[in-house]
Amino acid sequence: MRLNLFLSTVCVLGLAATTLVQAQSATQSLNGGPSQQQARQQPAQNGGPIEVEIDQGVLRPFQIAVAPFSGQNGASIAEVLSGDLRRSGFFEPINPASFIETGLTLANAPNFPQWTQIGAQAVLYGSVTPRPDGRNDVGFRLYDPYRQCQLVSYNFIATPEQWRRIAHKIADVVYQRMTGESGFFDSRIIYVAESGTELNRLSRLAIVDQDGYNPVFLTDGSEIILTPRFSSNPDEIVYMALGEDYSRIYLYNLTTGRRENLGEFDGQPLAPRYSPDGSKVAFSIIRGGNTDVYVMDLQTRRLSRLTSDPGIDTSPSFSPDGSRLVFNSDRSGTPRLYVMNADGSGQRPISRGGGSYTAPAWSPRGDLIAFTKSGGGQFGIGVMAPDGSGERMLSRSYFEEGPSWAPNGRYLMFSRQTRGGDTNLWMVDLSGRVIAQSGYQGRGSDPAWSPLLDETSANLGAGDPDACDA
Amino acid sequence: MMTASRTAKVVLIGLSVVAMAACAPRRPVEGATGETGTGTNVPAYPGPGTGGIEGGGIGAGAPGSQQDFVVNVGDRIYFDLDSYSVSPEAYPRLDAQAQWLQRYPQVTVRIEGNADERGTREYNLALGARRAESIRNYLIERGVSAGRIDTISFGKERPIAQGASEEAWARNRNGHTAIVSGAN
């Protein structure tokens, strides 16, 4: 897919109401400043659109200048959002030490030549202003110094303690404006934190911000925790726990801390995943050594059996429209990926290559299925279309497993273990070129990416007189 | 923090021979090191060179005790890579388990299926379950009533041998017969 960075059509995000963070359109909140008109200098046409081959990865990251915001935690906000943009692989924030112009205010446009001189393809700056209600108003503008026009302006209103989330949300707006794809920075990762030794390992359910900050343990280590997954509501998760003599699936509400056993089954339950609307959980039950896929309606607690062959059928994952599931089965001898309808009908294999395919995860965009593939003494993370075509590997190493999709369907997080070493969380983009340990650097496995914590209704620069697309 | 039961479990595995899991002492685990020839109390199964677990000082247990079962019968059998069928090498031990269980008919057991680390988490749980079921079926064929045998799979979550070696993986592909109740 070829995307023009400077879209000629205005893209307005969905208008879902925000909860924790109140968003207003820039034209609403930033109007009325005494110097407003100065910020609306005549945009000069200069230079053509810059294009990024998103599917091919980044050949040269986009040079962005992120000036320290003025006001409370302003410098930290700029640092956090710069880190987000850098980790995405699409952006290379310019070292602020090289900035010529300093002291930018929202009332004024940047001095464009001073930014083009240092190679900035975009300039981001903003301010944090206290409000009478105790919250802060964080406004920002993003300019194209070559074309000398405004790419986006926006503001968020939130409590001072929420400055990190504000930084992530600004990064999401910038990412969306520059790539045409929704962002993924205002999200969290639920994972299994590991400690102790190989033979005396402690595993705890934990949650952390996407960039690795604010890790919190949610269980005490008395059970072995496996495979936590988010619902479409980022407050709700499902996970598996192994005790001394039991195996359970728990539903857990992150806000209330309420934990509920999904049920007592005739057999051992494993591999839970929510349906896209959060109304059902698909999982497997092992009975008499045979593992099959079931789905439970959370309202009625009615259990339906979806597979019944003698092979291992597990790791079900719904398509984003809920109409189908991908799962893995060794009914043909080796583990392969299969797709079936939500009622269990129409089961058919989709993976075509040799080796073992396990742990599939359907992309939230619906276009791809990620999986773990082993063979030749290595394990890797790959993707294929839902019909099995276009398989490509994004990563390979001694051991890695369990890909989980970023909310925008362009990145995967997974766990990787070095030979005889620790297990950590890694992230790869769909090109396979952007690959690095995730923001969270501690020991952990089984990462699951949350949906965006709430949607931002950003007016991407439309309506401003100096908007690039005006 | 680790619970008492989990600690007990690990000590049981680490020392290979302790009296009762329920009253196992809280001691640091002496992990397997992968060294050869030091596992004096480790059953010489699946073969020499897989030891390294320290332990000792405990004689044969009283007849019908858990210790008796662990030391004199052997509570674990091993599986080939990606396999869940009981290998002929394991027949004598499972035969002995069946005989012991028939001698002490009040004992109930839980067969725990385990897999090595070279597999993905959920698939390994399913694989471990097949191993546990194979052992259960074997014991039933040898006359142990089905109602006395429960099963669970721990997948790759409960390794007994440390290290990324063929030897460690071979030991971690096992089925463990744990006594639940009824032992002397």
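How many residues does the contact take from chain A and from chain B? I looked this up in a predicted model, and I got 35 residues from chain A and 29 residues from chain B.

Next I checked which elements of chain A give two or more residues to the side that touches chain B. My list reads β10 (200–209), β12 (224–230), β16 (268–274), β20 (313–318), β24 (356–362) and β28 (399–405) of chain A. Sorting that side of chain A by class, I noted 17 polar residues, eleven nonpolar and seven charged.

For the contact between them, I have eleven residues from domain 1 of chain A and ten from domain 2 of chain A. On the domain 1 side, α3 (74–88) and α5 (163–179) of chain A each supply at least two residues. Which element gives the most to that side? I found α3(A), with four residues. By class, the side of domain 1 of chain A that touches domain 2 has five polar, four charged and two nonpolar residues.

Last entry: D343(A). I found D343(A) in the loop between β22 (336–341) and β23 (348–349) of chain A. Is D343(A) buried or exposed? I put D343(A) down as exposed because it has 11 C-beta neighbours inside 10 Å, and the cut-off for exposed is 12 or fewer. I also looked at D343(A) against R305(A): they sit 38 residues apart in sequence, and their C-alpha atoms are 8.5 Å apart in space.

Methods:
Residues are numbered from 1 along each chain as its sequence is written. Chains are lettered from A and ligands numbered from 1 in the order in which they are written. This is a predicted model: local features need pLDDT of at least 70, side-chain atom pairs count only at pLDDT 80 or more; totals for chains, interfaces and linings use all residues. Two residues are in contact if their C-beta atoms, placed from the backbone, lie within 7 Å. Ala, Val, Leu, Ile, Met, Phe, Trp, Tyr, Cys and Pro count as nonpolar, Asp, Glu, Lys and Arg as charged, and the others, Gly among them, as polar. A residue is buried if 20 or more other C-beta atoms lie within 10 Å of its own, exposed if 12 or fewer, and partly exposed in between; C-beta atoms are placed from the backbone.
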